[in-house]
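Hi,

Here is the structure I promised to pass on. Have a look at it first, and my notes on what turned up follow below.

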Amino acid sequence: MEKFSAKALPIAADLKAFIKEHGDKKLGEYTIAQTYQGMKGIVGLVTETSKLDPEEGIRFRGYSIPELREKLPKAPKGFEPLPEGIFYLMLMGELPTKEDVMNVSNSWARRAIVPKHVFDTLDHLPKNTHPMTMLSIGVMALQTESEFAKAYQKGINKKNYWEYVYEDAMTLIARLPRVAAYIYRKKYHNDHHIEPNPKLDWAANFAHMLGYETLDVRRLMRLYLTIHADHEGGNVSAHTTHLVGSALSDPYLSFAAGLNGLAGPLHGLANQEVINWIIEMQKQIGKELPTKDEIATYIKKTLEDGKVVPGYGHAVLRKTDPRFSAQQDFYKRYIKQDNMCDIVAMIYEVAPPILEGTGKIKNPWPNVDAHSGALLMHYGIKEFEYYTVLFGVSRALGVMASLIWDRVLGLPIERPGSITIAGLKKKVGVAV
Ligand code: AMX
């Protein structure tokens, strides 16, 4: 925390001076269409942890995914980065050393004990509760532990908000894999739970608690939890966490809200939808490995039925998502042959021209969700309804690092303006 405050407090002071001097300069103009089309392209947020380039994809504090796979510290015998490293990078703005990563890992291991009432809460939910709903409820149950909420009730100076948010963010990230693994083992393994192993890194321990002990699953989990961590500030889960946090709702309340956004099929739930959609395709075609022509027909039928092709398209990206490419690379390096991954590769050949042919889809290329499920299926993690939970565990890293920055920078409550249809028409002189 000392290292972070030494870094962040001067930046916060500098930002205040910058806004005082330049706050009245224009950042851009926007149109009526943008107001109606999800505010796309309107810059209304400051997010430090990562920046998305439409052509090139995500950069975390300036580093692309291939660069991170090379530069972030790895576990012994590991080839994939440790997610602790990307958290450190997003929070501190600089690449961590091995020791920095060890410190984060140890800090999370020390904070990882989940209070019993959280498990009791999950145990009382109906059996058919969706795993994302369970995760959100699990995080809400953890909220009893919020240091920020307790301190705020006692009364604290606003200058110190960030210290409590930092504490909560670290504890929440530390406890999240245990809660997520509990949900998995409860739902799919008859409540046979696996105790954490504090000697393992965060991702390997998560894989262990889920019940997967091989080196390859550890590798996949480290990569998965790294690449899903952040995607600048405007996506639904990041923006929601930031928005709710701006009301000084504590990190648990804010993150649960973000998770509820991630649970939507146009956002994080797309990873479950992709596998569901592929399995349905296999069923309809009656083959485990359909041909490219059969896949093309299935894609066209999906569009004709007025449905989206899951895993394709993006609100900002205009090229193949580098997070998709990183997973393709993982497949080629570690798996080499798998029918589901081969179908994913065939869809990648067949879908873009069909989607482009509609003339309306702005990005016909695959996003992160087009590949992740196939890798998980390969290793036997076949319960695709659970996949968004993995995304949620990873997303905590980015949105919690951002929330700490929000409070250290003293960002105020978020409150954009809104307008009525009549108000819009009046503005441009159209009779109402
Ligand atoms: N399949 C079918 N239609 C699609 C499409 C797809 N994959 N992607 C976009 N479209 C449609 C939109 O629904 C919209 O149709 P409309 O004009 O009839 O309403 C039109 O094309 C224009 O949309 P857009 O400007 O290209 O995209 P957007 O910014 O409105 O939406 C996204 C972006 C991701 C929601 C959309 O591409 C989509 O629904 N993709 C499939 C779901 C998916 O994979 N989501 C995951 C995204 C990544 C993530 O957050 N995890």
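**What I found**

Let's start with K25, which sits in the loop between α1 (2-22) and α2 (32-36). Helices and strands here are DSSP runs numbered from the N terminus, with helices being H or I of at least four residues and strands E of at least two. Before going further: this is a predicted model, so local features need pLDDT of at least 70 and side-chain atom pairs count only at pLDDT 80 or more, while totals for chains, interfaces and linings use all residues. Residues are numbered from 1 along each chain as its sequence is written, and side-chain values use heavy atoms, with hydrogens and water left out.

Back to K25: is this residue buried or exposed? K25 counts as exposed because its relative accessibility is 53%; the cut-offs are under 20% relative accessible area for buried, over 50% for exposed, and partly exposed in between (1.4 Å probe, protein chains only). Its side chain is joined to that of H22 by a polar contact of 2.6 Å. By polar contact I mean a pair of N or O atoms within 3.5 Å; within protein, one must be able to donate a hydrogen and the other to accept it, and residues adjacent in sequence count only if both atoms are side-chain atoms. K25 and A203 are 178 residues apart along the chain, and their C-alpha atoms are separated by 44 Å.

**Helix α12 and its surroundings**

Two packed helices are described by the angle between their axes and the distance between the axes. Here, helix α12 (residues 236-246) and helix α19 (residues 387-408) have axes that come within 10 Å and cross at roughly 35 degrees. The axes are lines fitted to C-alpha atoms, for helices over the stretch in contact, and angles run from 0 to 180 degrees between N-to-C directions. On the α12 side the contact is made by S237, A238, T241, H242, G245 and S246, and on the α19 side by R395, V399, M400, L403, D406 and R407. Contact means heavy atoms within 4.5 Å. Sorted by class, the α12 contact with α19 has four nonpolar, five polar and three charged residues. For that count, Ala, Val, Leu, Ile, Met, Phe, Trp, Tyr, Cys and Pro are nonpolar, Asp, Glu, Lys and Arg are charged, and the others, Gly among them, are polar.

Within α12, the buried residues include S237, A238, T240 and T241, and what covers the buried residues of this helix includes α13 and α19.

Setting aside neighbours within four places in sequence, E414 is in contact with L45, H239, H242, L243 and S246. The C-alpha atoms of E414 and S246 are separated by 5.9 Å, although the two are 168 residues apart along the chain.

**Two positive phi values**

Most residues other than glycine have a negative phi. Just after α12, L248 takes a positive phi of about 65 degrees. L248 lies in the loop between α12 and α13 (251-262) and is partly exposed, with a relative accessible area of 23%. M39, in the loop between α2 and β1 (50-53), has a positive phi near 60 degrees. M39 is partly exposed too, at 46% relative accessible area.

**The ligand**

From G311, a backbone N or O atom lies 2.8 Å from an oxygen atom of the ligand.

V344 is in helix α17 (residues 339-357) and counts as buried, at 2% relative accessibility. Beyond four places in sequence, V344 is in contact with I278, Y312, F324, A370, H371 and A374.

T320, in the loop between α15 (292-304) and α16 (322-335), is buried with a relative accessible area of 18%. Its side chain makes a polar contact of 2.7 Å with the side chain of Y348.

Cheers
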